[in-house]
Amino acid sequence: MLETLSVETVLRIGAFTLVAVIMGLWEMLLPRRQGSRRFLRWPGNFGIFLINAVMLALLPITAVGAAIFSIQHKFGMLYWIEMAFWPKVILCILVLDLLIYWQHRLFHMMPSAWRIHRMHHTDTAFDFTTALRFHPIEIFLSILIKAAAIILLGAPVFAVIAFEIILNGSAMFNHGNVVLPKALDRPLRWLVVTPDMHRVHHSPDPDEHNMNYGFFLSVWDRIFGSYRDQPRQPHADMQIGLTVFNQDREARVDRLITQPFRKHRSYT
């Protein structure tokens, strides 16, 4: 078990570093929007990411640990259904991605959950570091939900590791402040969430930020009626963030941590 977890850690750190470097360079060379204010925002975004990484390392449950639990106890739906390995892997990735879609959507629909998730939306610019900006409470709840789903599925370890790498990489990609030609964006977003598609979700307008919930596959938004093609304002000019907690001081780690516990006048 420890050996498997060590391999997962190396793979995830390696994949994360590679994608982060690629996205960072892409954003510098071909930015979609100007004024990302990196020096103001990045310390808080990376600070929150490090806090979450330490918390996850200290928790007794992980996604891969849940898969190992299923193996050890031969528990889960896929242990009771005869299915070849690769179809199992594909099915698990699809189910877990669907789970993340609905978790995300519910965090927008439930006022108490929105107060926690809202911190992700108060970033005043949109780049790959926004994908790292989630409140520790949300990360904690997410790993519990994901672990329960993995155990119920009986997901193979390989499928879980693959999904975690895909999810992290696609989140940094679709939060990227990068130019993607329309000729590529249009066909690509029929399969995966592109930056222009997800940027709509970071509008201050509730009609826009309550759409496009997908993190990896775009099909769920189309199936469940939450797809919006474009924002009202042009991508290069549209406002990013919310009308609350958008002052410069709110970019500090201490302010990010306390946001869910401070009052504001608007639910949206």
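## The cavity

About 80 Å³ of space lies in the largest cavity, where a cavity is a set of points on a 1 Å grid over the protein atoms alone at which a 1.4 Å probe fits but cannot get out. For volumes, grid points are joined across faces, edges and corners, and the space filled by probe spheres set on the points is what counts. Searching the whole structure turns up one cavity of 30 Å³ or more.

A quick word on the model: it is predicted, so local features need pLDDT of at least 70 and side-chain atom pairs count only at pLDDT 80 or more, while totals for chains, interfaces and linings use all residues. Residues are numbered from 1 along each chain as its sequence is written, and side-chain values use heavy atoms, with hydrogens and water left out.

Who lines the cavity? There are 13 lining residues, and Thr122, Thr124, Gln247, Glu250 and Ala251 lie nearest the centre; a lining residue has an atom within 4 Å of a point. By class, the lining splits into three nonpolar, four polar and six charged. Here Ala, Val, Leu, Ile, Met, Phe, Trp, Tyr, Cys and Pro count as nonpolar, Asp, Glu, Lys and Arg as charged, and the others, Gly among them, as polar.

## The largest pocket

The largest pocket comes in at about 1,200 Å³. A pocket is an open set of points with protein on both sides within 12 Å along at least five of seven lines. This one is lined by 34 residues, with Arg12, Phe49, Leu56, Glu164 and Asn168 the closest to its centre.

Two or more lining residues come from each of α1 (2–29), α2 (38–58), α4 (85–109), α6 (136–153) and α7. Helices are DSSP runs (H or I, at least four residues), numbered from the N terminus. The pocket lining has 21 nonpolar, eight polar and five charged residues.

Helix α3 (residues 63–73) and helix α7 (residues 157–174) have axes that come within 9 Å and cross at roughly 165°. Axes are lines fitted to C-alpha atoms over the stretch in contact, and angles run from 0 to 180 degrees between N-to-C directions. The pair is therefore roughly antiparallel, a label for angles over 145 degrees. On the α3 side, Ala63, Val64, Ala67, Ile68 and Ile71 meet Val157, Val160, Ile161 and Glu164 of α7, with contact meaning heavy atoms within 4.5 Å. That makes eight nonpolar, no polar and one charged.

With α6, the axis of α3 comes within 8 Å and the crossing is roughly 25°, which makes the two roughly parallel (under 35 degrees). Ala63, Ala66, Ala67, Phe69 and Ser70 in α3 touch Ile143, Lys146, Ala147, Ile150 and Ile151 in α6. That contact has eight nonpolar, one polar and one charged residues.

## α4 against α5

α4 packs with helix α5 (residues 111–121) at about 110°, their axes 6 Å apart. They are therefore roughly perpendicular (65 to 115 degrees). The contact involves His104, Leu106, Phe107, His108 and Met109 of α4, plus Pro111, Ala113, Trp114, His117 and His121 of α5. By class, that is six nonpolar, four polar and no charged residues.
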